[in-house]
Amino acid sequence: MNLVRFIGECVKRLSGRKGPELSPEEAERLTNLFTERYHSFRTLLAANGRALENMARMEQAHGGTRPYGMNFVVSNATSLAVRVFRMIRHLDALAPGSYVELFGRFDAIRTELEAVLDPPRLPCDGPLVLPLASIRRNDSGVVGSKMANLGEIAGALDLRVPAGFVITAAAYNRLLDHNELRPEIHRRIVSAEIQRSDSLFALSSQLQQLIASATIPPDVEEAVRSALADVADRVGGATGFAVRSSAFGEDTVETSFAGLYESELNVHPDNVLETYLEIAASKYTPQAMVYRYQRGLRNEDTEMAVGCMAMIPAVAGGVAYTSDPQDPDDRRVHVSAAVGLPKTVVDGRFETDLFVVDRHRLDVVDRRVARKTFAFDLRPGEGITRRELPPEVASRAALTDEQSAMIADVALRLETHFGHPQDVEWALTDGGELVILQARPMHHAALSPARPSIAGDPLVTGGVCVSPGVAGGPVRWVRSDREALMVPDGAVLVIEHPDPRWAALLDRAAAVVSEHGGIAGHLATVAREFGVPALFGVGSLEALQRGAAVTVDADGLAVHAGRHPDVEQSHAHRSLMEGSPIQTILGAALSHISPLSLTNPESPDFHPTKVRSLHDITRFCHEKAVTEMFSFGTDNSFPRYAAKQLHHNVPMQWWVLNLDDGFCEEITGKYVKLDQLACEPMLALWDGMVAIPWDGPPAMSGSGFASVLFEATRNPALSTPFKKPYAQRNYFMVSANFMNLQSRFGFHFSTVETLASDRDDENYLIFSLKGGAADEERRAGRARFIADLLDPHGFHLKVIEDTVTARIWAMPQEEILSRLKIVGYLLMHTRQLDMVMGDPASVKHYRAKLERDIVSVLASERPQ
Amino acid sequence: MPIKVLLVDDETSFVETLAKRLTIRNLDVVTAGSADEAFTQLARTAVDVVLLDVKMPGTDGLTAIKTIKRRYPLVEVILLSGHANLEASVGGMALGAFDYLLKPVRLEELVYKIEDAYKRKSIQEEKIRTLREVGVSSPAEPAS
């Protein structure tokens, strides 16, 4: 009914008939009412702009490679929901009661979104302690993968593992609940910005302190004491314990968490409970938190179980890889070994022996015996002691070839059983018995692509490539946590020893160089997983001065002075988010947010009951708000707030509705001139529209013309008259800093909306164009053509079928205005170009011409 | 006349810092460390915009906004929260909050929001004044 009245009023005004004069009181009332509606309209549009920003951020994150946490997902979803709710409220203020169904639809979508963002926690009850002997592979949801694998090895393969037990994730949950820690931990995590080093280290310290100082629930304490006694009975007396993390997600095919949590060796039984708290607290080491962030894991995804195993007094120990960690195609078994406990190897701090074993013949095909200066042994009572090796032992191989072959054979059995190349930690007793301490899936490095070599003498050479690639940046030495706090993004990390705690810096490091260490250490494993080039065991790195730009060629075993961008490979770390729990949650959330089904305002389905996503709601509210604003002046017979026809020399009809301060003066007649406009955005758009005369329709090939004829016979949108008056012509709504244009040029429908004020943060520009007379393929081609032209100018672009949508936001006013000129130019000059999109030569011609023109449009001044 | 802002938060250091920074931006700021203190302040002084922390010991922000909007329907309330929560945010908006912002909020954005909220309040006051002049009373609830 409003639209009918609108048309009637337009006809009446155009024919010069006037309505009854308003009393001053009525005029004031209507003016106040309009002001209120305008405020609602502006607020709705601002909320719309911000809501679209939230959606764009979430969509970009989901499709991108940069990591993000649950804070990002929940914050954006919350802000988005608030903004959408504001839009509904303000549409309701513009048209009270007209669209109340939106509230119900919004609630339904919000409820679905909440369920996605905060899925119900799986109950984690069950036994507080489980003996290792009773555990199998599928118990990883109770004891973590590390201990589940070990239980499987003993139970299914009949290989020797240490006697022991696991303090389960259920016990960890009891610990949190007993001390009421869960809400506090959550509160601290969501309040911190872990991308900032100082914030990360502070949060890590607070959370570890919370857990380490917690009280162990009596039932957990009792269960642990009983399990300790059982192990003592089994091993025939008192024994020290290795207390090791076994968190969810640790030692899996997807994620290794290598060395990121704490382990304590040879803990006296009296101190196991206290040590348990320290290991549980290590869930929040800085390196573990960074790793979770990079791998898209939630805090809740990594519940902490802890394994307690009787110590094995090893004469030799180490790690076996069932293929080369740097080259998955090299399927020989690589056995690293040291004298004494395997700690020497897994720490990655010292040079150790390497035996390369043929997987079929099980003979040693390569052998590199290092000079091993130390060995780690069990200290009587508790702890580990470092023993200096006499020269004849230091230079002797830690294993015989037969022992290497035996270890390789067992490692291959594990590979076959688990169905994936394995990284196996082992110990050899003085009786020559092999004990498996840990087995986890291997994480191979991505192979380096072919590249040119770097000319000139390197600063340092040698070492071992533990993670391939070439990358450069300023040198940053890190020897302490204080220095770690100051590592900037893109630095080359230079360290003495590959301490696993430096894994916290891998998200910002371009490359890593270490004086000591080898391929089997934890830091090397995580560097490979993150795709950060790393060169370890290089020897003295004194030549690398703090701040100096260098390029690390890990494959070439060299560090060069200066940067070599032609040789450097992309610094973008591998997309570690792909398939992660947080990416999955974001994807599920977006399914309630992004899909746009309300595309045609003329369709009967363009109705509040039909909205399926938050995007649908924004689209609906925006469309209806514009309609409601246009109807005000005519609905109320109030000419001041009715649209004026623009008096100009462009051969189309333009109507302008002044929302607030868009005219320089009050216009009482039915026309408004350009020089009476105070709307900078509209003037900027107009500048672009008239800057260069349009040459007229493009010359069409036979097929282009045929496509138009064919389309005209099948596309009802090209012949059915639109019912909505403001869609039939070109309508501007303006204030001094705001402009909304709804236009139809032939068969092309476009909207331009912008806010360009001195509030940079709130500024935005949205341009959308769809339609055309040619066939679908050509119309879609034109949408992509426009997107390509806008891309260099910083727009966020989306092309769906024949619709291109371009957005920018949070920019200074001048930058928004200059882009409006581009949009104005394209509005006029891409008309009918859909018809030539089937002809590559024409596309090339027009692309070059339009790019040239845009340069001159940007340089043009407004005629005085 | 500067906009009168009541800042309600139990974190003393946050309140002090923010009050100082808002004052530099020409806003007239009074503070309260709890919802009950805020009710006392509101009874004592005419406030345009309340910045209200959602999570506070005692009466929380969502309970407080109900009281504030019931007693002072024209006073605009902006909710501030330390952590995102879909239910609480939309719940707060449904109770009449002008907006719901997540900490840390950029000062510029907060000042814009305060100005917009004040404008909303001024429009409502002007509307009521006009309606009174033409002899109509309207307790119309403003959309926020």
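Val243(A) stands opposite Glu264(A), a residue of strand S4(A). The model described here is predicted. Strand S3 of chain A, spanning residues 241-247, is joined to S4(A) by 3 bridges, and the two strands run antiparallel.

These strands belong to an open sheet of 5 strands in chain A, arranged in the order S1-S2-S5-S3-S4 with antiparallel pairing. At the edges lie strand S1 (129-131) and strand S4 (263-267) of chain A, each of which pairs on one side only. From one strand to the next, the twist averages 20°. Strands of a sheet pair through backbone hydrogen bonds, in either a parallel or an antiparallel manner.

Helix H10 of chain A (residues 272-281) packs on this sheet and touches S2, S3, S4 and S5 of chain A. The direction of H10 makes about 30° with that of S3(A).

| Strand (chain A) | Residues |
|---|---|
| S1 | 129-131 |
| S2 | 164-167 |
| S3 | 241-247 |
| S4 | 263-267 |
| S5 | 304-310 |

A helix pair is also described for chain A. Helix H7 (residues 182-191) and helix H8 (residues 197-212) of chain A pack at an angle of about 175°, and their axes are 11 Å apart. Because of this angle, H7(A) is roughly antiparallel to H8(A). On the H7(A) side, Glu184(A), Ile185(A) and Arg188(A) meet Leu203(A), Gln206(A), Leu207(A) and Leu210(A) of H8(A). Classified by residue type, the contact of H7(A) with H8(A) has 4 nonpolar, 1 polar and 2 charged residues.

Conventions. Residues numbered from 1 in each chain as written. Chains lettered and ligands numbered in written order. Predicted model: local features only at pLDDT ≥ 70, side-chain atom pairs only at ≥ 80, totals over all residues. Pairing = 2+ DSSP bridges. Helix = DSSP H or I, 4+ residues; strand = E, 2+ residues; numbered from the N terminus. Axes fitted to C-alpha atoms, helices over the stretch in contact; angles between N-to-C directions. Contact = placed C-beta atoms within 7 Å. Parallel < 35°, antiparallel > 145°, perpendicular 65-115°, else oblique. Nonpolar A, V, L, I, M, F, W, Y, C, P; charged D, E, K, R; others polar.
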